[in-house]
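User: Could you take a close look at the place where the ligand sits and walk me through what surrounds it? I'd enjoy one connected answer.

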Amino acid sequence: MVPAPGPAVPGRRRTGRRRRPPKVSRDHETENRTSPHAELARFLLDAGALTRDWSSAFDTAPRSAFLPDLIWPFDMDAGTSRAVDRRTDPEGWEREAYTNAPLTIQWDDGHHVGPEPGRVPTSSASMPSVVTRMLADLDVFPGAHVLEIGTGTGWNAGLLSARLGDRNVVTVEVDRTVATWARSALGSVGLSPDVVCRDGRFGRSEEAPYDRVIVTAGVREFPAAWVEQTRPGGLVLAPWGTHYSGGDALVRLTVAGDGSAHGRFLRPLEFMKLRAQRLDWNRFGRHVGEYPGDASVSATSVSLSDLGEGRRFQDIQFVLGLCVPRCAHVRNVGESETVLWFFDMTEGSRAWASATFTDGESKVTVRQSGPRRLWDEVFRALEWWRGEGAPRLDRFGLTVTPDGVHRPWLADPANPVPSFAG
Ligand SMILES: C[S@@+](CC[C@H](N)C(=O)[O-])C[C@H]1O[C@@H](n2cnc3c(N)ncnc32)[C@H](O)[C@@H]1O
C-alpha cells in the first residue's frame with residue numbers, strides 16, 4: 001500500500017488568531033454610532049498593531065473598498081473557509097470585512113468558480129493586524145520609494161499610496177484578473193500607484209532603485225532582483241521559510257553595498273506562497289513508492305510535542321527547517337495514531353522517513369529509506385537546538401549572498417546555523 005501523505009491542512013494560510021474587534025455597547029452605539037472601520041482601527045491601535053503614523057492612511061484606504069462581493073473568511077480555529085456574499089448578506093459581509101481575519105478572494109489561481117471553497121487559496125486580503133504590523137516594520141519615511149510584491153486586493157498598496165503618494169509606490173501582481181481588480185479598487189478611493197502585472201520574482205527594474213521592498217506572499221528563495229533593485233541601506237521585508245512546513249517567519253533584510261543582505265527574523269506568520277515556489281504536495285504519494293519497501297526500522301522516545309507538532313508557530317518547527325534543509329514534512333492524524341512523514345526535496349532523491357506515534361504508547365516507530373536518513377537529521381537538529389538553550393525564533397537571522405546563497409545564523413551572521421543534511 002502506498003500511503004497518501006498530505007499537508008495536515010493543504011494550502012491553508014494561518015496568519016494568526018481570528019479576532020473580532022470588541023463590540024461597542026448598544027447604548028454607546030445609539031449615542032455615538034461607531035463604524036466597523038473605526039472599531040477595527042481602535043482594536044488594532046489598542047493591540048499595538050496599528051501605529052499612529054499609519055492612522056490617516058488607514059482611513060483613506062478602508063479595507064471594504066478592496067473586497068469583491070464574494071469573499072471567504074478563514075476561520076483559523078476550525079481551519080475552514082466559508083463563502084460570504086455581499087449581494088445576499090450585506091451585513092455579514094461588512095462584519096467580515098472589518099474582522100481581524102484573512103479573507104480569500106481567489107482559489108486555485110482563478111480556475112475555481114462558485115461559492116464553495118476551492119482547493120488552494122491563491123489570493124486574499126491578509127489579516128489586518130498582519131498588514132499593519134508589517135507596515136510598521138517597513139519603517140518608511142516621507143518620499144520613500146516602495147516596491148510591493150503580491151498586490152492581491154490592493155489594500156496594502158492603497159495604504160502605502162495614501163501615506164507616501166502614488167508616485168512612490170509600485171506593486172506587482174502575477175495574476176491578471178487580480179491585478180485588474182486591485183487597480184479598480186484603488187481607483188475607487190482615489191489612489192493610483194503603479195500596478196504592474198508580471199511575475200514579481202523579477203521585481204520592477206524600470207522604476208528601481210527602491211528604498212523598501214515589501215513582499216506579501218511566502219518566499220522560499222529570495223530572487224536576486226529584489227536585493228539588486230534595493231538601494232544599499234534599504235530594507236527587504238518578506239515572509240520567508242523552508243520547505244519543512246508551511247509556516248513562514250517575517251525577515252527584515254538590510255541591503256549592503258556589496259549586494260548581500262542580512263537581517264533578523266521578527267516573528268512567525270504564514271502567507272500563501274509565491275506561485276513558482278509552492279510545494280507540489282501530490283508528488284509525495286509517488287515519492288514513497290512501495291511502502292515500507294526496504295526501509296530500516298528503529299525506535300525513538302521523542303514526542304510530538306518535542307517536535308512542536310499540533311500547535312501553530314512553534315519555534316522548533318522553524319529551526320528544524322533551518323537545520324534540515326531540503327526536507328518537507330507533513331502530519332497525518334488517524335484514529336489512534338499520528339504519522340509524521342519526511343521527504344527529501346533534492347532533485348531525483350526518493351529518500352523519506354516516517355515516525356508513527358500510537359496513542360497511549362511512548363515508543364515511536366521510525367522508518368527510513370534512501371541515502372538521506374531524514375529522521376536522524378531531524379533528531380540531531382532537535383538535540384542541537386536544545387543544547388543551545390532552545391533559542392527563540394527572533395534570535396535567528398538570515399544572510400543572502402550576492403550569488404543567492406541563503407545562510408541562516410544564530411545571534412550573529414558570523415555564527416551560521418549548522419546543517420545536518422547528510
Ligand atoms: C496574500 S495575497 C497579497 C495580499 C495583498 N498585499 C493585499 O493587500 O490584499 C498574495 C498575492 O501574491 C500574488 N502572487 C503570488 N505569486 C506571485 C508572484 N510570483 N508575483 C507577484 N504576485 C504573486 C498572489 O496572486 C496573491 O494575489
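Analyst: Happy to. The ligand is surrounded by 25 residues, counting a residue as near when one of its heavy atoms lies within 4 Å. The closest are Ser123, Thr153, Glu173, Asp199 and Gly200. Before going further, please keep in mind that this is a predicted model, in which local features need pLDDT of at least 70 and side-chain atom pairs count only at pLDDT 80 or more, while totals for chains, interfaces and linings use all residues. Residues are numbered from 1 along each chain as its sequence is written, and side-chain values use heavy atoms, with hydrogens and water left out.

Now for the polar contacts, meaning pairs of N or O atoms within 3.5 Å. A ligand nitrogen lies 2.9 Å from a polar backbone atom of Arg275. The side chain of Thr216 places an N or O atom 3.0 Å from a nitrogen of the ligand, and for Val174 a backbone N or O atom is 3.2 Å from a ligand nitrogen. As for cover, the protein hides 99% of the 600 Å² of accessible area that the ligand has on its own, by the Shrake-Rupley method with a 1.4 Å probe.

Which elements give two or more residues to this shell? They are strand 5 (121-125), helix 6 (155-164) and strand 7 (169-173). Strand 5 supplies the largest share, 4 residues. Helices (H or I, at least four residues) and strands (E, at least two) are DSSP runs, numbered from the N terminus.

Helix 5 spans residues 128-138, and 9 of its 11 residues are buried, so helix 5 is largely enclosed by the rest of the structure; buried means under 20% relative accessible area (1.4 Å probe, protein chains only). Among the buried ones are Pro128, Val131, Leu135 and Leu138. Met134, also in helix 5, counts as buried because its relative accessibility is 2%. Just after helix 5, Asp139 takes a positive phi of about 55 degrees.

Helix 10 (residues 315-323) has 9 of 9 residues buried, so helix 10 too is largely enclosed by the rest of the structure. Its buried residues include Asp315, Phe318, Leu322 and Cys323.

Notes. Polar contact = N/O pair within 3.5 Å; in protein donor to acceptor, adjacent residues only side chain to side chain. Buried < 20%, exposed > 50% of the residue type's maximum accessible area, 1.4 Å probe, protein only.
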